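Please look over the sequence and the structure below before reading the report, which moves from the disulfides to the nonpolar cores and then to a pair of helices.

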Amino acid sequence: DTPGQPTPAPMYECAGAAEKASSWPRQERVWCCSMMGEGCPMLDCEAGADDWMEGWSPGKKRWCCLHNNKACDEVGQQPTAAPSVVGGIAAG
């Protein structure tokens with residue numbers, strides 16, 4: 001996000017990923033994971049950690065914050081209960 005610029009509307013409805021992500025088309029799963037941190041497979045939060053601020057997608061930052069307490073400062077989040085994870089796509 002660019003400061004002062006409105007956040008674009010999501011391309012997909014990503015809420016409730018645990019219940020329905022396995023039925024989403026691949027493009028939707030990839031978008032929801034990379035942009036919203038929803039419907040992601042298990043991500044390796046050690047891979048690329050040296051350059052996470054620039055090298056990780058917003059979705060990987062959110063996922064790693066929720067699941068591994070990493071990158072939380074960057075996304076302004078505190079770790080919470082982790083959502084269920086759906087595997088099967090490459091992300092991050």
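Which cysteine does a disulfide join to Cys33? In this predicted model, the partner of Cys33 is Cys40, with an S to S distance of 2.2 Å. The structure holds four disulfides, and, when bonded cysteines are counted along the chain, they follow the pattern 1-2, 3-4, 5-6, 7-8. A disulfide is a covalent bond between the sulfur atoms of two cysteines.

| Disulfide | S to S distance | Handedness |
|---|---|---|
| Cys33 and Cys40 | 2.2 Å | right-handed, 110° |
| Cys45 and Cys64 | 2.0 Å | left-handed, about -95° |
| Cys65 and Cys72 | 2.2 Å | right-handed, 110° |

Cys45 is buried, with a relative accessible area of 4%, and Cys64 is buried with a value of 0%.

Cys33, Cys40, Cys45 and Cys64 also belong to the largest nonpolar core, which has eight residues in all, including Leu43, Trp56, Trp63 and Ala71. A second, separate core has five residues, among them Cys14, Ala21, Trp24 and Trp31.

Helix 2 (residues 26-36) packs against helix 4 (residues 58-68) at an angle of about 70°, with the axes 4 Å apart, and the two helices are therefore roughly perpendicular to each other. Helix 2 contributes Cys33, Ser34, Met35 and Met36 to this contact, and helix 4 contributes Pro58, Gly59, Lys60 and Arg62.

Key. Residues are numbered from 1 along each chain as its sequence is written. This is a predicted model: local features need pLDDT of at least 70, side-chain atom pairs count only at pLDDT 80 or more; totals for chains, interfaces and linings use all residues. Side-chain values use heavy atoms; hydrogens and water are left out. A nonpolar core is a set of buried Ala, Val, Leu, Ile, Met, Phe, Trp, Tyr and Cys residues joined through side-chain atoms within 4.5 Å. Buried means under 20% relative accessible area, exposed over 50%, partly exposed in between (1.4 Å probe, protein chains only). Axes are lines fitted to C-alpha atoms, for helices over the stretch in contact, and angles run from 0 to 180 degrees between N-to-C directions. Angles under 35 degrees count as roughly parallel, over 145 as roughly antiparallel, 65 to 115 as roughly perpendicular and the rest as oblique. Contact means heavy atoms within 4.5 Å. A disulfide is a pair of cysteine sulfur atoms within 2.5 Å.
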